[in-house]
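Look through the sequence and the model before reading on.

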Amino acid sequence: MKIASYNINGIKARLPALTAWLEEAKPDVAILQEIKSIDEAFPREHFEDMGGYSVETHGQKSFNGVALLSKYPLEDVMCGLPGDEEDEQARYIEATVVGDQAVRICGLYLPNGNPVPGGPKYDYKLAWMERLRTRAKELLSKEEIFFMAGGDYNIIPQAEDAARPEDWTEDALFRMDSRDAFRRIVNLGLTDAFRARNQAAEQYTFWDFQRGSWQRNDGIRIDHFLLSPPECADLLTDVGIDKEVRGREKPSDHVPIWIELAA
DNA sequence: ATGGTAGAAGGTCTA
């Protein structure tokens with residue numbers, strides 16, 4: 001089962017690029033972030049027709065929004081991250097797909113958190129990460145379920161995950177409180193799928209639209225897959241970053257990442 | 001220190 005994640009930064013603007021990539025990469029499941037669309041405006045029929053995908057969205061006007069595309073039926077869909085009834089931002093969607101075995105797919109768009117310090121957005125980011133940790137713990141307690149949490153984490157886990165780490169030390173994506181919160185999630189026993197199988201330098205998933213970041217390869221690795229232990233991690237057979245997508249016509253600032261599971 | 005770009009909007013807000 002090939003599972004991909006792609007922050008598309010707007011479904012309307014990205015429809016041609018997203019379609020072209022889906023047709024060549026052929027993921028069984030695609031987790032999308034920043035669809036920037038309400039559910040009613042998402043072109044679900046387009047994906048049903050072009051790829052035989054089932055489509056579930058958790059959208060919002062103008063900002064955020066996540067979606068799941070799957071060649072398998074999407075079962076037991078859950079929209080929204082538990083733990084805060086007041087939270088109206090559309091950043092989380094979960095569903096089960098059954099291939100050779102069942103996998104719980106968690107698609108997430110973790111808050112950016114800037115500006116820091118002292119901003120309410122940063123407090124929201126840290127609180128959201130604690131809610132994610134709680135949810136992951138809950139899924140881990142259901143021992144019969146393998147789960148995979150993928151998406152735009154807005155976290156640079158280590159210095160080697162940035163071309164210029166010194167530029168990010170005070171940023172919400174890299175400051176120590178953020179990385180500690182990410183590590184608390186990983187330390188539940190989850191596996192960073194990409195680093196488990198690829199130790200190469202300069203493996204990035206995001207290049208800012210500004211300052212010629214792509215041309216200078218001034219990137220960061222902030223899109224991740226975390227796999228539950230040991231079952232889901234043991235199923236991992238391959239990983240990748242579709243970097244070349246960033247150099248195409250009308251690209252997103254993120255590129256797709258993917259994993260292969262023997263499931 | 002500032003502003004640079006992009007998207008959903010059709011004014012700013014978010015990143």
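## Terms and source

A residue is called buried if 20 or more other C-beta atoms lie within 10 Å of its own, exposed if 12 or fewer do, and partly exposed in between, with C-beta atoms placed from the backbone. Helices (H or I, at least four residues) and strands (E, at least two) are DSSP runs, numbered from the N terminus.

This is a predicted model, in which local features need pLDDT of at least 70 and side-chain atom pairs count only at pLDDT 80 or more, while totals for chains, interfaces and linings use all residues. Residues are numbered from 1 along each chain as its sequence is written, and chains are lettered from A and ligands numbered from 1 in the order in which they are written.

## The chain as a whole

Chain A contains six helices and 14 strands. Its C-alpha trace spans about 45 × 45 × 40 Å along the principal axes. A compact globule of 263 residues would have a radius of gyration near 18 Å, and the 17 Å of chain A agrees with this. The radius is taken over C-alpha atoms, and the globule rule is 2.2 Å times the number of residues to the power 0.38.

Of the 263 residues in chain A, 43% count as buried. Two residues are in contact if their C-beta atoms, placed from the backbone, lie within 7 Å. Among the contacts in chain A between residues at least 6 apart in sequence, 69% join residues at least 24 apart.

## Helix α3

Helix α3 covers residues 120-141; at 1.5 Å a residue, its 22 residues should span 32 Å, and its end C-alpha atoms are 32 Å apart, which agrees. The expected span is 1.5 Å times one less than the number of residues.

The buried residues in α3 are Tyr122, Lys125, Trp128, Met129, Leu132, Arg135 and Ala136. Seen down the axis of α3, these buried residues fall within an arc of 135 degrees, so they line one face of the helix. The arc is that of the directions from the helix axis to the C-beta atoms. On the other side of α3, Pro120, Lys137, Glu138 and Ser141 are exposed. The buried residues of α3 pack against β7 (102-109), β8 (146-152) and α4 (176-186).

## Helix α4

In α4, Ser178, Ala181, Phe182 and Ile185 are the buried residues. They cover an arc of only 100 degrees around the axis, which puts them on the same side of α4. The exposed residues Met176 and Asp180 are carried on the face turned away from that buried side. The buried residues of α4 are covered by elements including α3 and β12 (223-227).

## Two buried residues

Leu110 lies in the loop between β7 and α3. With 24 other C-beta atoms within 10 Å, Leu110 is buried. Leaving aside neighbours within four places in sequence, Leu110 has contacts that include Trp128 and Met129, both of which are among the buried residues of α3.

Ala4 is in strand β1 (residues 2-7), and it is buried, with 23 other C-beta atoms within 10 Å. Beyond its neighbours within four places in sequence, Ala4 is in contact with Ala25, Pro27, Ala30, Ile31, Pro256, Ile257 and Trp258. Ala4 and Ala25 are 21 residues apart in sequence and 8.9 Å apart in space, C-alpha to C-alpha.

## Backbone exceptions

Most residues other than glycine have a negative phi, and most peptide bonds are trans. Glu34 has a positive phi, near 50 degrees. Glu34 is in the loop between β2 (29-33) and α2 (44-51), and with 23 C-beta neighbours inside 10 Å it counts as buried. Asp76 also has a positive phi, of about 50 degrees, although it is not a glycine. Asp76 is in strand β5 (residues 75-79), and it counts as exposed, with 9 C-beta neighbours inside 10 Å.

The peptide bond from Asn114 to Pro115 is cis, with omega near 0 degrees; Pro115 is in the loop between β7 and α3. The bond from Pro229 to Pro230 is cis as well, with omega near -25 degrees. Pro230 is in the loop between β12 and α6 (231-234).

## The surface near DNA strand B

DNA strand B is surrounded by 18 residues, the closest being Gly10, Lys12, Ala13, Lys36 and Phe209. Helix α1 (residues 11-25) gives the largest share of this surface, three residues.

Methods: A residue is near a molecule or strand if its C-beta atom, placed from the backbone, lies within 6 Å of it.
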